Amino acid sequence: MPALIQYVQDSLYLPSSADVVIIGGGIAGAAACWELARQGVNVVLLEKGLIGAEQSSRNWGWCRQQNRDERELPLIIHALQRWQQLNQETGEELGFRKTGLVYATRNEQDIAAWDNWGKMAKSYDIRSQILNASQARALTPGSTTDWKGGVHSPDDGHAEPSMAAPGLVRAAIRKGAQVFQQCAVRGLDISAGRVSGVVTERGIITTSRVICAAGTWTSMFCRRHGIDLPLGNVIGSAFRTLPVKQVISVPFYTDSFACRPQLDGGYTVSVSGRGRLEPGFQGLKYARQFYSTFNARRHNLTVSPGIMPFIRGPEALARWSMEGVSPFEKVRILDPAADQAMVKQGLTAMVREFPQLQGIQVAQSWGGMIDSTPDAIPVISPVEKLPGLIVSAGYSGHGFGLGPGAGRLAADLATDAPPIVDPTPYRYSRLVDGSGLNTPGMM
């Protein structure tokens, strides 16, 4: 396994029914499972591979309000409140630490953009401090760059991706949730035009509510039932280092690398904003919807065409029966290769910026496939075409921090509870009626 994850013990026997079934054991599905279980809802979580084994263990681990699109701010504000409560509430170490985040730059345009963002964020009572040159140097002790300035968000923090989803699921099991790994959902059972169950590789579970939080596989799953869900899949790369004497004590972002300290004394590192496209059928199908976003971000993307994405994986044109092996059983854990040039570039940039880290070693590197929407805002929404289905997907590379908020909102929608935040910005319908898709959200 290229990214570390913690162990989760399966439940014993697949039940015949449940109030809510969750498809996908990433951070969004795990958080929804916890929220439902602690309310006493009879919930079953099904994962085709292992809990947290895909993008939810392969991300940077940042939990930030800073530089988020305004549409996400109410959700991340709630999520950060929950992150601060969850260690004690669940009895699990999820790795969350409220450390603040620091961005530093040599570019006056970056500072102006952060300043404008901070003025907007004040209406949400978010603290964001623009740093002058001396303040940026003071918050990056040991760095070699003569920074023009930066921004500091003192209320943000980070958690451990290897711990978070597994910890939430273990806690949910203790509250009565049932969890089954290596158990793919092949499709939905539909009666009278609405969800009546899920068809798994082990049998059918009767239910009237399903939360599909299947990450990069969500669009393929929805197409099986005639539901268009425009998602684009981008491969990111990251690596972790062996433990060292830490000279960077908070998550830190520059235009050449981004890093965060790990609890074990190492770092998680990536190159800021970089990604790789390996388009298949899905990428071509939704190319028009992603044209504006691609144009806005193409300088950070490389395109690697090939035949395999058309044949295997979440980009493939796949058809399957409920009785046959599904694509989700053929690829239990999606494990794209890391971009080794990026790994070398990130490590070199980090040591150049902080010479005290000379000799730091890469422990592991990995790739992760990120499901993105055309406007970079997630879908957390019922689907009018199929009552009983709630989609939770398209987190666009910044969903880990949103996880506890996203899980709560999906749980509210699944139980018809008053939603914790206004769900309108996350509505599914915007992706099919085109409203707002020409305005890509912030990364």
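Which residues does G29 touch, not counting residues up to four places away in sequence? The residues are I22, G24, L45 and A213, where contact means heavy atoms within 4.5 Å.

Before I go on, a word on the model. This is a predicted model, in which local features need pLDDT of at least 70 and side-chain atom pairs count only at pLDDT 80 or more, while totals for chains, interfaces and linings use all residues. Residues are numbered from 1 along each chain as its sequence is written, and side-chain values use heavy atoms, with hydrogens and water left out.

Back to G29. G29 lies in helix 1. Helices here are DSSP runs of H or I with at least four residues, strands are runs of E with at least two, and both are numbered from the N terminus. G29 has 0% relative accessibility and counts as buried. On that scale, buried means under 20% relative accessible area, exposed means over 50%, and partly exposed is in between, using a 1.4 Å probe and protein chains only. From G29 to Y13 is 16 residues in sequence, and their C-alpha atoms are 20 Å apart in space.

Next, how helix 1 packs. Two packed helices are described by the angle between their axes and the distance between the axes. The axes are lines fitted to C-alpha atoms, for helices over the stretch in contact, and the angles run from 0 to 180 degrees between N-to-C directions.

Take helix 5 as the partner. Helix 1 covers residues 27-38 and helix 5 covers residues 161-174; the two pack at an angle of about 25 degrees, with axes 8 Å apart. Helix 1 and helix 5 are therefore roughly parallel to each other. The cut-offs are under 35 degrees for roughly parallel, over 145 for roughly antiparallel, 65 to 115 for roughly perpendicular, and oblique for the rest. The crossing of helix 1 past helix 5 is left-handed, a term used if the near helix is turned anticlockwise from the far one by less than a right angle; clockwise would be right-handed.

On the helix 1 side, the contact is made by I27, A30, A31, C33, W34 and A37, and on the helix 5 side by A164, A165, L168, V169, A171 and A172. By class, that contact has twelve nonpolar residues, no polar ones and no charged ones. For these classes, Ala, Val, Leu, Ile, Met, Phe, Trp, Tyr, Cys and Pro count as nonpolar, Asp, Glu, Lys and Arg as charged, and the others, Gly among them, as polar.

A164 is buried, at 0% relative accessible area. Leaving aside neighbours within four places in sequence, A164 is in contact with I27, W83, L94 and F400. A164 and Q289 are 125 residues apart along the chain, with 33 Å between their C-alpha atoms.

At what angle do helix 1 and helix 2 pack? The angle is about 60 degrees, and the axes are 13 Å apart. That makes helix 1 oblique to helix 2. This crossing is left-handed. From helix 1, I27, W34, E35 and R38 meet R82, W83, L86, E89 and T90 of helix 2. The contact of helix 1 with helix 2 divides into four nonpolar, one polar and four charged residues.

Some loop residues next. N67 is in the loop between strand 3 (62-63) and helix 2 (73-90). N67 is not a glycine, but its phi is positive, near 65 degrees. N67 is buried, with a relative accessible area of 8%. Q182, in the loop between strand 8 (178-180) and strand 9 (185-191), also has a positive phi in a residue other than glycine, near 55 degrees. Q182 is partly exposed, at 35%.

N107 sits in the loop between strand 4 (101-105) and helix 3 (108-121), and is partly exposed at 30%. N107 and K148 are 41 residues apart in sequence, yet 6.7 Å apart from C-alpha to C-alpha.

Last, the cysteines. How many disulfides are there, if a disulfide is a pair of cysteine sulfur atoms within 2.5 Å? The count is zero. For C63, in no disulfide, the nearest cysteine sulfur is that of C259, 15 Å away. C63 is buried, at 0%. C222 is in no disulfide either, with the sulfur of C212 nearest at 5.2 Å. C222 is buried too, at 1% relative accessibility.

Conventions. A disulfide is a pair of cysteine sulfur atoms within 2.5 Å.
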